[in-house]
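Please look through the sequence and the model before reading on.

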Amino acid sequence: MIKITFPDGNVKEFEQGITAFQIAESISPRLAADVLCASVDGKIYDLDRPINQDAEIKLHKWEDQEAKSTFWHSSSHLMAEALQTLYPGVKFGIGPSIENGFYYDIDLGDKQLTDADLPKIEQKMIELARTKEKFVRQDVSKAEALQKFSAKDEFYKCELIEALEDGTISFYTNGSFTDLCRGPHLRDTSMIKAVKLTSIAGAYWRGDEHNKMLTRIYGITFPKKSMLDEYLVMLEEAKKRDHRKIGKEMELFTFSQKVGMGLPLWLPKGAELRLRLENFLRKVQKEYGYVQVITPHIGNKDLYVTSGHWAKYGKDSFRPITTPQEGEEYLLKPMNCPHHCEIYKSKPRSYKDLPVRLAEFGTVYRYEQSGELHGLTRVRSFTQDDAHLFCRPDQIKEEFCKVIDIVLYIFRTLKFDKFTAQVSLRHKTDHSKYIGSEENWAKAEAAIIEASAEKGLPTVVEYDEAAFYGPKLDFMVKDALGRSWQLGTIQVDYNLPERFELEYIGADDKKHRPVMIHRAPFGSLERFVAVLLEHTAGKLPLWLASDQAMILPISEKYNDFAEKVCKMLNNCEIRAAIDDRNETIGKKIRENEIKRIPFLLIVGEKEAADGTVSVRKQGGENLGTMSIEEFTAYISKEIEEELK
């Protein structure tokens, strides 16, 4: 017999070799019908995989991300089987699940797929799913695996197998398709009821531009057709909210191939938006005792060797910059934290000086693969609202709680009402990729868990999601369409102070090591602006909008009055501009609506005579006629309410 512990702490005994599906059946047939996979001691298992030892178990239904991931991974195998049936001789790369759906990288030789081919593949997938094919796992030796795929000339799979350790390799078979795969998968294909293949793209094998370009097919599936219908509606709304489209319409940012891929250019209105966000956070940080610093955009390579970033992230950085000095190399700054460590170290510190809170809007550079670049959400140059706090061990929880307060204030002000705080810890057992002592990791993890509990945050714990130098608290925000984004992050770090030999003199007159807290409430300004644009559909809070009011004279006869109104509003610190183009008032209204101007002020003969404006709110609501003073008071009150 083995003991199975459930999430509520309840413990039951079962016969050795029982499966998660049988455990679900023992609880209720309805549960067994809904469960898609299970976590066994933190590792995702197929429902039919035997459990042979005492274990903690959690059963995952569709609502859980683990279940969706299993569902979509199984769907990628179903798509591969359909492709194998329709296009004999196709070669397969990798086919993982992703945040929303799945993809498979394939090599069709000389054949080119187009969007017109996707419905045929979808139809074949549904046809195969209805046959209720089981996903059968088989553990194999490395020699068997190589023999299997060599015989089929599956050279991409053979290359993957060569990098695997013997004794860790498994196959999964559904119908006529067998794949190299760790799993897990659904019990069978019958739960896949609705299929939509969304796009075709090119992807270099293993992300290396020197390798062959493969065809990547993206798709998504659901256990009910109604879910797919809802998703497609959401997808259409997401297209309307795409920050790249909105950014162009609002003239916020652009990209240039001559400047370089993934290097955003902020246009005047976008630069103003960024500065307003920066000034907003600077004001909050000042109240919490932060001081601003500025560091160079490059650093000596040795700086990042010391910090450990070169060993961990060197391959994702731009290549080192060599100088005329032999052996001297610099890097475009991939992180701000090593620079801040050196600032801390620039003079002796006493325990009375701590905490030291260094803040910087620091631009950093990462060489993201070209195929992974996406608008402002995935770029090669981005500015972090970075800060590093150096404190005594007894100050950790208090400082961590204060950072949480800043994050919550930002979310509240910008109407990010739905979020989860993800406590990101090390892998439960494999600590090989993390630096630092067990003792320091235990203290850091405890501080994050205690601070989150004290603040009453809605939290989830994720193992193997920590930074290599310390655990962290990641804020996962849901936007207006229910999509999840990681924005703010807070990290406790005992390791960089060790690596940089940071010290302070304690009350005992001895040298002590400070603890470092990394934090970035926005994450990066680029990503934050992108998420904010999609969350609000470009209808930014009034205090952030580039032009808060656009004055529309009905004809050029009223341009002088429009100038007078604009000057009065600007003098009251209301950002106003004039659209005095020789166009119809209807066209001016339509085009300024597209630019998401919060208020349109229409002026004509009556308004000029009375010294008033006719006020139209973004979206078409008519607020009637107001005096300049009334409009100024109205807009000021709106801004005050937003910033409460």
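Leaving aside neighbours within four places in sequence, which residues is lysine 428 in contact with? They are Asp41, Glu56 and Tyr463, where contact means heavy atoms within 4.5 Å.

## Basis of the description

This is a predicted model, in which local features need pLDDT of at least 70, side-chain atom pairs count only at pLDDT 80 or more, and totals for chains, interfaces and linings use all residues. Residues are numbered from 1 along each chain as its sequence is written, and side-chain values use heavy atoms, with hydrogens and water left out.

Lysine 428 is found in the loop between strand E24 (419-425) and helix H14 (438-454). Helices (H or I, at least four residues) and strands (E, at least two) are DSSP runs, numbered from the N terminus. With a relative accessibility of 41%, lysine 428 counts as partly exposed; buried means under 20% relative accessible area, exposed over 50%, and partly exposed in between (1.4 Å probe, protein chains only). Between lysine 428 and glutamate 462 there are 34 residues in sequence and 10.0 Å in space, C-alpha to C-alpha.

Lysine 428 also lies over the face of tyrosine 463, at 4.9 Å from the ring centre. A charge sits over a ring if NZ of Lys or CZ of Arg is within 6 Å of the ring centre and within 35 degrees of the ring normal. Arginine 380 is placed over the face of tyrosine 367, at 4.1 Å from the ring centre.

## Aromatic rings

Rings of Phe, Tyr and Trp (its six-membered ring) pair if their centres lie within 6.5 Å. By this rule there are 25 aromatic pairs. One aromatic cluster is formed by Phe411, Phe416, Phe419, Phe475, Phe522 and Phe528.

## Backbone features in loops

Two cis peptide bonds may be described here. The bond from glycine 183 to proline 184 is cis, with omega near 0°, and proline 184 lies in the loop between strand E13 (177-180) and strand E14 (194-204). Leucine 354 and proline 355 are likewise joined by a cis peptide bond, with omega about 5°; proline 355 has its place in the loop between helix H12 (337-344) and strand E22 (356-365).

Aspartate 153, a residue other than glycine, has a positive phi near 60°. Its place is in the loop between helix H5 (142-151) and helix H6 (155-162), and aspartate 153 is partly exposed at a relative accessible area of 45%. Glutamate 573 has a positive phi near 60° as well. Glutamate 573 lies in the loop between helix H17 (559-571) and strand E32 (576-578), and with 69% relative accessibility it counts as exposed.

## Packing of H17 and H20

H17 packs with helix H20 (residues 628-642) at an angle of about 40°, and the axes are 11 Å apart. Axes are lines fitted to C-alpha atoms, for helices over the stretch in contact, and angles run from 0 to 180 degrees between N-to-C directions. H17 and H20 are therefore oblique to each other, since angles under 35 degrees count as roughly parallel, over 145 as roughly antiparallel, 65 to 115 as roughly perpendicular and the rest as oblique.

On the H17 side, Val565, Met568 and Leu569 meet Ile628, Glu629, Phe631 and Thr632 in H20.

## Glycine 175

Glycine 175 lies in the loop between strand E12 (169-174) and E13, and is partly exposed, with a relative accessible area of 45%. Not counting residues up to four places away in sequence, glycine 175 touches Glu81, Glu133 and Lys134. Glycine 175 and arginine 575 are 400 residues apart in sequence and 64 Å apart in space, C-alpha to C-alpha.

How values were computed: Phe/Tyr/Trp six-rings, centres within 6.5 Å; stacked < 30°, edge-to-face > 60°.
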